[in-house]
Amino acid sequence: MSATKIIHSIPSDPLTGAISVPVYQTSTFIQEAPGVNKGFDYARSNNPTRKVLEDVVAKLEGGNGAFAFATGLAAIDAVLKLLTTGDEIIAVDDIYGGAYRLFTHVYEKLGINIKYVDTTDPENVANAVSSKTKLIWIESPTNPTLKVSNISAIATIAEEVNALLVVDNTFASPIAQQPLSLGADIVIHSGTKYIGGHSDLVAGLVVTKTASLSEKIKFVQNASGGVLGPWDCFLTIRGIETLDIRYRKQCQNAEKVAQFLVKHESVQDVYFPGLKTHKNHDIARRQQNGLFGGIVSFTLKEDTVEAANSFVTSTAFFKLAESLGGVKSLLCHPPQMTHASVPRERRLEAGIKDSLIRLSCGIEGAQDLIDDLASAFKQQPKEKKLLQVI
């Protein structure tokens, strides 16, 4: 969807002509008679501000319906509620730590089996599925090592075993990637990130491909009640108005930062789909419309937690904080922050080394961000060299 279509998919208020969507801060709605209303009866079930947001997000992703939740994890939880005891999930190994915690510590106890595989090779997925597989869960790119999976190929596998393919599209955003058009059944977003874009809200979004799935998620949303409030819906709508221009600038910054890091003597590995050395660079280029995202991760040659701690506390423009996708650049140390709930052994198996640092590039000047990183590198203690005694 073009920037023009995004902006003009957000309606003005038909009652007053207000160009901004009104915030309907109300808990209930007057009915003409029992069950006779103007489409709204209680704010948990529906709200006019939330309806605008959901309609716009459905258009962004080309879905049948969209549903706004209080957080990204609440959105993930709503999808998992489609499962029953004995069902199986095939999940990407490099999965967001919060999702791993929810899968492992909540749903495994309820009898849901989870298999974690490297989904960058579709054959791994094909070898892992069984008659009990009901969901295939991928992030592309993943958090935090930016692995890219072939959505179309995995969609074919899901269809063969009658499983739903769920794609967390947070890192790519609807600007770069539309998983439903590639064969996915459900798309997840942490609206907190690129869609909101200003680090001033938390939100989760589920987008469904079919009317049947829309009906099921709507039921869960209403029954469980983890809905996004009207003010946060308004802020998310406001963020969507500038999504296209923000995301493209962040992609440009990330590419320049990645090129800087690749050449730096203190850096071991750089993870960024825009690099030609990335395992699935060609897939990312085709699948993400030539946009590679605003996230860059890297490891240090001194692969220790201590070295990472020293670096992430030495930057000026990159602020040390959880989250990503905002207009201000952020950095974090996933092993101690976003993925602390994942056991170290599993983190290492998924490629999350002890020194891995994740950068979220904002919309600042690219050279300012590079200079900030260069300064942080210069502040690091020099590696001690052992003297050889002859």
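The model is predicted, so local features need a pLDDT of at least 70 and side-chain atom pairs count only at pLDDT 80 or more, while totals for chains, interfaces and linings use all residues. Residues are numbered from 1 along each chain as its sequence is written, and side-chain values use heavy atoms, with hydrogens and water left out.

The pLDDT is the predictor's confidence in each residue, from 0 to 100. The protein chain averages a pLDDT of 96, and 98% of the residues score at least 70. Over residues 384-390, however, the pLDDT is below 50, and this stretch has zero contacts in the model beyond near neighbours in sequence. A contact here means heavy atoms within 4.5 Å.

The interior may be considered next. A nonpolar core is a set of buried Ala, Val, Leu, Ile, Met, Phe, Trp, Tyr and Cys residues joined through side-chain atoms within 4.5 Å. Buried means under 20% relative accessible area, exposed over 50%, and partly exposed in between, using a 1.4 Å probe and protein chains only. The largest nonpolar core has 53 residues, and those with the most contacts inside it are L53, V125, I136, L165, I240 and Y247. Helix α2 (residues 48-61) gives this core its largest share, six residues. Helices (H or I, at least four residues) and strands (E, at least two) are DSSP runs, numbered from the N terminus. Leaving aside neighbours within four places in sequence, I136 is in contact with residues including I90, V125, I154 and L165. A second, separate core of 31 residues includes F69, I76, L102 and V220.

Rings of Phe, Tyr and Trp (its six-membered ring) pair if their centres lie within 6.5 Å; planes under 30 degrees apart count as stacked, over 60 as edge-to-face and the rest as tilted. A search of the whole structure finds 10 aromatic pairs. The ring centres of Y194 and Y247 are 5.0 Å apart and their planes stand at 85 degrees, so this pair is edge-to-face. The pair links distant parts of the chain, 53 residues apart: Y194 is in the loop between β6 (186-190) and β7 (204-208), and Y247 is in helix α10 (residues 243-262). Both Y194 and Y247 are buried. W231 and F234, by contrast, form a stacked pair, with 5.2 Å from centre to centre and 25 degrees between the planes. These two residues, W231 and F234, are three residues apart in helix α9 (residues 230-241) and so are separated by about one helical turn. Ring pairs also link F260, F298, F311 and F377 into a cluster.

The cysteines come next. A disulfide is a covalent bond between the sulfur atoms of two cysteines. With a disulfide taken as a pair of cysteine sulfur atoms within 2.5 Å, a search of the whole structure finds zero disulfides. For C251, the nearest cysteine sulfur, that of C361, is 9.7 Å away. The sulfur of C332 is 12 Å from the closest cysteine sulfur, in C361, and therefore too far for a bond.

Finally, T142 lies in the loop between β4 (133-139) and α6 (151-160). At 0% relative accessibility, T142 counts as buried. Its side chain makes a polar contact with the side chain of D94 (2.5 Å). A polar contact is a pair of N or O atoms within 3.5 Å; within protein, one must be able to donate a hydrogen and the other to accept it, and residues adjacent in sequence count only if both atoms are side-chain atoms. A polar atom of the T142 side chain also lies 2.8 Å from the backbone nitrogen of K147.
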